[in-house]
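Please look over the model below before reading on. My notes follow as numbered points.

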Amino acid sequence: MSKGIYITATGTDIGKTYVTGLLVKLLRNSGINAGYYKPALSGAAVVDGEVIPGDCKFVADTAGLTDQPHTLASYIYKTAVSPHLAAQMENRPIEPVVIVADFAKAKQHFDYITVEGCGGIVCPLRLDEQTLLQTDIIKLLNLDVLIVASAELGTINSVVLTIDYARNQGIVVKGIILNKYDDSKFLHRDNKQVIERLTQLPVVACVGTNATDLAMDAKILCEYYKEV
Ligand SMILES: Nc1ncnc2c1ncn2[C@@H]1O[C@H](COP(=O)(O)OP(=O)(O)O)[C@@H](O)[C@H]1O
Ligand SMILES: [Mg+2]
């Protein structure tokens with residue numbers, strides 16, 4: 001039986017990929033067969049005619065995964081817009097059955113799978129005759145979530161709203177990871193305390209700017225992953 005967790009964030013560019021790279025690295029450095037999966041990626045770069053899924057490459061490079069980056073995502077779009085729009089523009093609609101099947105393959109391959117979502121919790125993957133939201137994918141994969149959030153001013157509002165929305169959708173949030181955290185800043189320390197108090201959830205890790213490792217016990221991290 002494999003275990004998994006879904007990484008979402010308070011928004012796009014908050015640090016899901018950066019933090020996920022460190023999470024997978026920590027697990028792998030502890031001897032765990034840990035992997036990565038991204039249901040849909042938009043904004044892939046094209047280098048010498050080859051489409052490079054940047055998030056998959058970053059995590060593979062950071063965590064020492066030998067898998068080819070393009071095998072770690074189900075849908076890769078070049079257009080740098082929300083997946084529902086990229087899928088429409090590139091004429092390749094996202095099929096939930098494909099995501100479920102690819103996640104099942106990832107489960108055969110890895111013992112601990114960290115799934116990176118797109119954007120923030122409210123991210124449409126398909127808005128044609130079907131409505132497919134990121135929350136549908138989280139529920140289909142039967143995963144709990146960790147929320148990556150900034151340590152900066154404004155984060156309390158973003159975190160509380162994100163968690164409230166997730167909970168209203170019936171999704172279990174296990175905790176928060178504060179990114180670009182600086183323990184010497186009173187504001188960052190206060191944000192951490194206030195977030196824990198208002199959400200009644202733990203800030204499970206704080207990641208500094210340019211951190212190369214996650215300051216966390218791998219055994220504790222494993223406890224946040226759920227059997228899938
Ligand atoms: N802790 C950090 N230290 C340095 N750079 C970071 C850190 N977190 C994120 N970044 C940078 O910020 C940008 C956005 O982060 P990324 O992880 O790609 O966000 P997301 O996956 O949520 O869209 C990237 O260029 C990334 O390298
Ligand atoms: Mg990303």
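1. What spacing do the donors of the magnesium ion (ligand 2) follow along the chain? The spacing is T-x37-D-x60-E. The protein donors are Thr-17 (OG1), Asp-55 (OD) and Glu-116 (OE), and they lie 2.1 to 2.3 Å from the ion. Donors here are N, O and S atoms within 2.8 Å of the metal (3.2 Å for Na, K and Ca); water is not among the atoms, so sites may look incomplete.

2. Ground rules. This is a predicted model, in which local features need pLDDT of at least 70, side-chain atom pairs count only at pLDDT 80 or more, and totals for chains, interfaces and linings use all residues. Residues are numbered from 1 along each chain as its sequence is written, chains are lettered from A and ligands numbered from 1 in the order in which they are written, and side-chain values use heavy atoms, with hydrogens and water left out.

3. Helices (H or I, at least four residues) and strands (E, at least two) are DSSP runs, numbered from the N terminus. Both Thr-17 and Glu-116 are buried. Buried means under 20% relative accessible area, exposed over 50%, and partly exposed in between (1.4 Å probe, protein chains only).

4. Helix pair. The axes of H1 and helix H2 (residues 54-63) come within 8 Å and cross at roughly 35°. Axes are lines fitted to C-alpha atoms, for helices over the stretch in contact; angles run from 0 to 180 degrees between N-to-C directions. Residues of H1 that meet H2 include Thr-17, Tyr-18 and Leu-22; on the H2 side, Asp-55 and Phe-58 are among them. Contact means heavy atoms within 4.5 Å. Note that Thr-17 and Asp-55 are also magnesium donors.

5. Core. The largest nonpolar core has 76 residues, and Ile-94 and Ile-176 have the most contacts inside it. H1 gives the most to this core, with 6 residues. Such a core is a set of buried Ala, Val, Leu, Ile, Met, Phe, Trp, Tyr and Cys residues joined through side-chain atoms within 4.5 Å. Beyond four places in sequence, Ile-94 touches residues including Ala-40, Tyr-75, Ile-99 and Leu-125.

6. Helix H5. Ile-137 is in helix H5, and its relative accessibility is 0%, which counts as buried. Ile-137 and Ile-99 are 38 residues apart in sequence and 8.1 Å apart in space, C-alpha to C-alpha. Leaving out neighbours within four places, Ile-137 contacts Tyr-6, Pro-39, Ile-99, Leu-125 and Leu-132. Thr-135 also belongs to H5 (residues 134-140). Thr-135 is buried at 1% relative accessible area.

7. A buried asparagine. Asn-179 is in strand S10 (residues 173-179). Its relative accessibility is 4%, so Asn-179 counts as buried.

8. Backbone check. Which phi values are positive in a residue other than glycine? Asn-91 has phi near 60°, and Asn-210 has phi near 65°. Asn-91 is in the loop between helix H3 (83-89) and helix H4 (96-109), and is exposed at 66% relative accessible area. Asn-210 is in the loop between strand S11 (203-207) and helix H8 (218-223), and is exposed at 63%.
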